[in-house]
Amino acid sequence: MTKKFTIKSEFVRNVLTLTSGTALAQLIPLVLAPFLSRIYDPEEFGRLALYLSIVQILGVVSSGRYELAIMLPKKQKEGVQVTLLSIIVTLIVSTVTLLVVLFFSNSIANVLGDPKLSEWLYLLPLSVLFMGLFNALNYFNTRMKNFKNIARANIFKSFGGNLTQLVLGLAKFTSGGLIVGQVMSHLFGNIKMAKTFLNYKEDIRNTSRLDLKILAKRYINFPKFSMWGIFLNTLSINVTNFFVSWFYSMLILGQYAHAYRYLTVPITLIGRSIGQVYFQKLSSKRGNAKSMEQIFLVSLKKIILIAVVVFLPVYFFIEDFFPIFFGEKWVVAGEYAKILTPLMGVRFIVSTLSISLTVMEKQDKELLMHVAIIIGTVLIWFFAYTYEMSIKNAIELYAIGLSVVYILILGYIYSSFKRNSLISA
């Protein structure tokens, strides 16, 4: 009984630590948002959305998803070595990205529908490198239960990036100022996060190529399945920005991206923090199918309640809030935000618990679900384009269609826990 209480209190304590840090990290851009939204035009936010879409798509796979394996080894030295493996893979991917940008930056920008983006694509390799490093170091700190350091890193990341955007904007460097600030944010986050990992210099120095090769082969399912799964998942989230840019305009993309960006604040603020602690707790019960199922169900009930409390008021007030907070030129963004709110609520629930399949090492099933998401997203937007739907009707179709897909995914995750419990019984 005492043990159960201790685990529960530790879970809550860790969630609160991460949430408080992430809350402050999100508070910084929210405080500066009224200034940035008045300094930069919607088109600049659209350009930032395109740049971030590429960064996120490449960044989440830059380490081959080996960062997820950092949590799994029982030996501490192997945890350090898997982290090192993730960093090396990230360096390789960012180098390849640099070569692609050097030869094809203009072509990429033209295909995306924004020729002005080409000059800022040269920062892409740095962003991919910084994001991959941040992901690896984040999971290493999670393994070490160093949640305070993660919270501080998120604050440094947010403060550094947003302050850079504000300073550049006030200096009239509005063309690309948002993108430069985004690059700096990942740099600031890594500076704080690296401290924990560098405490294990001896384990790092004593790691041989053979050690890395053995671990790379041992956890090969992460780049083999999970990497492509998260690639498709991130692509499905960001491909909408490409479609809006292609089928409509950069101005409309700026309005849509602004709505989407601030609607994801609750997901970043609460969902990721709960998800990280949930990942750590679920991983600690690997091999005990019944306990894992119980952890999932308890977490699901709590997250659904949080989603209702957060997103229901947002739905009724968000449309009027946008022009008041961000300025009159963002009225349309408020309309888009209201349409997207139900989807964000459903995605908040499912994305927080989606790490479950990783813990169960069902990366192949996870890949299939991401394939379903990207196919659904592409079909929805091509349907909207084919029938010349207005942007508002297209967003409505997108919100409804993706909500259905996410609910089906949640049902599959739960059925996976049930099957594991029946087998172990």
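**View A. Gln280 in helix 11.** Gln280 is a residue of helix 11 (residues 265-284); helices are DSSP runs of H or I with at least four residues, numbered from the N terminus. The model is predicted: local features need pLDDT of at least 70, side-chain atom pairs count only at pLDDT 80 or more, and totals for chains, interfaces and linings use all residues. Residues are numbered from 1 along each chain as its sequence is written, and side-chain values use heavy atoms, with hydrogens and water left out. Gln280 counts as buried because its relative accessibility is 15%; buried means under 20% relative accessible area, exposed over 50%, and partly exposed in between, with a 1.4 Å probe and protein chains only. Leaving aside residues up to four places away in sequence, Gln280 touches Met71, Thr142 and Lys145, where contact means heavy atoms within 4.5 Å. Between the C-alpha atoms of Gln280 and Gln294, 14 residues apart along the chain, the separation is 15 Å.

**View B. Ser236 in helix 9.** Helix 9 (residues 221-247) contains Ser236. With a relative accessibility of 2%, Ser236 counts as buried. Not counting residues up to four places away in sequence, Ser236 touches Ile373, Ile374, Thr377 and Tyr398.

View C. Leu212, Leu215 and Ala216 are buried in helix 8 (residues 209-218). Down the axis of helix 8, the buried residues fall within an arc of 105 degrees, so they line one face of the helix; the arc is that of the directions from the helix axis to the C-beta atoms. An α-helix has 3.6 residues a turn, so residues three or four places apart point the same way. The face turned away from the buried side of helix 8 carries the exposed residues Leu210, Lys213 and Lys217. Helix 3 (76-111) is included in what covers the buried residues of helix 8.

**View D. Helix 12 against helix 13.** Helix 12 (residues 289-326) and helix 13 (residues 331-353) pack with their axes 9 Å apart, at an angle of about 175 degrees. Axes are lines fitted to C-alpha atoms, for helices over the stretch in contact, and angles run from 0 to 180 degrees between N-to-C directions. Helix 12 and helix 13 are therefore roughly antiparallel, a term for angles over 145 degrees.

**View E. Leu117 in the nonpolar core.** The largest nonpolar core has 131 residues, and Leu117 and Tyr406 have the most contacts inside it. Such a core is a set of buried Ala, Val, Leu, Ile, Met, Phe, Trp, Tyr and Cys residues joined through side-chain atoms within 4.5 Å. Among the residues that Leu117 touches, not counting those up to four places away in sequence, are Arg47, Tyr51 and Ile179.

Definitions and conventions:
Helices (H or I, at least four residues) and strands (E, at least two) are DSSP runs, numbered from the N terminus. Angles under 35 degrees count as roughly parallel, over 145 as roughly antiparallel, 65 to 115 as roughly perpendicular and the rest as oblique.
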